[in-house]
Amino acid sequence: MKNSLTKPPVWFWIVSVLALLWNAMGVIAYLTRAFATDEMIAQLEPEQQAEFLIEYPAWVTAAFALAVFCGFLACVSLLMRKKWAYTLFIVSAIAAFAQHVYIFMNVEVQSYVMPVMVIVVCLFLIWFSKNSVAKHWIA
């Protein structure tokens, strides 16, 4: 028997679109870091250049990629009203958490605002998607 979907409120769509934009920025950040050329890095401010010179272990880079792409796909799933968004948000959060734990323990961070915000948004999106499943907005 298939679960019947309840029409979500307007704010569900607003939150879902904002989450998609947030995760799209994460994908752009990953792609920028992954495909930045030496010429592109040379045009940045010295502080920004230093960030690109840090050599992360492969698993940290993989965690970054997994976090942003799973988060993006989870947002697309929300907009499609599919409950696998919840699972994708969990995978994204675990990967983001692993990445940030490594960074906090091994890299001198200029500001903790953005990394903490990333974790808070991940946790919010897990709650939001679980709540959406419970209210039958997504199935």
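Me: What is the relative accessible area of Phe 104?

Reply: This is a predicted model, where local features need pLDDT of at least 70, side-chain atom pairs count only at pLDDT 80 or more, and totals for chains, interfaces and linings use all residues. Residues are numbered from 1 along each chain as its sequence is written, and side-chain values use heavy atoms, leaving out hydrogens and water. Buried means under 20% relative accessible area, exposed over 50%, and partly exposed in between (1.4 Å probe, protein chains only). Phe 104 is partly exposed, with a value of 30%.

Me: How many aromatic pairs does the structure hold?

Reply: Rings of Phe, Tyr and Trp (its six-membered ring) pair if their centres lie within 6.5 Å. Planes under 30 degrees apart count as stacked, over 60 as edge-to-face, and the rest as tilted. The number of aromatic pairs in this structure is 12.

Me: Trp 11 and Trp 137 form an aromatic pair; which kind is it?

Reply: The two ring centres are 5.3 Å apart. The angle between the planes is 80°. That is over 60 degrees, so the pair is edge-to-face.

Me: How many residues apart are Trp 11 and Trp 137?

Reply: Helices (H or I, at least four residues) and strands (E, at least two) are DSSP runs, numbered from the N terminus. Trp 11 is in helix H1 (residues 10–35). Trp 137 is in the segment after helix H6 (113–134). The pair links distant parts of the chain, and the separation is 126 residues.

Me: Which kind of pair do the rings of Phe 104 and Tyr 112 form?

Reply: Their centres are 5.1 Å apart. Tyr 112 is partly exposed at 44% relative accessible area. The planes of the two rings are at 50°, so the pair is tilted.

Me: Which helix supplies the largest share of the nonpolar patch?

Reply: Like charges are joined within 9 Å, and nonpolar side chains (Val, Leu, Ile, Met, Phe, Trp, Tyr) within 5 Å. This patch includes Phe 97, Phe 104, Tyr 112 and Val 120, with about 670 Å² of accessible area together (Shrake-Rupley method, 1.4 Å probe; for residues, only the protein chains shown count as cover). Helix H5 (84–106) and H6 each supply at least two residues, and the largest share, 4 residues, comes from H5.

Me: Is Gln 99 buried or exposed?

Reply: Gln 99 sits in helix H5. Contact means heavy atoms within 4.5 Å, and beyond its neighbours within four places in sequence, Gln 99 is in contact with Val 60, Ala 63 and Phe 64. At 8% relative accessibility, Gln 99 counts as buried.

Me: How many disulfides are there?

Reply: A disulfide is a covalent bond between the sulfur atoms of two cysteines. Here, a disulfide is a pair of cysteine sulfur atoms within 2.5 Å. By this rule, the count is 0.

Me: Which cysteine has its sulfur nearest to that of Cys 122?

Reply: Cys 70 is in no disulfide, and its nearest cysteine sulfur, that of Cys 122, is 11 Å away. Cys 122 is buried, with a relative accessible area of 13%. Cys 122 is in no disulfide either. At 9.8 Å, its nearest cysteine sulfur is that of Cys 75.

Methods
Patch = residues over 30% accessible without salt bridge, like charges linked within 9 Å, V, L, I, M, F, W, Y side chains within 5 Å. Salt bridge = Lys/Arg side-chain N within 4 Å of Asp/Glu carboxyl O.
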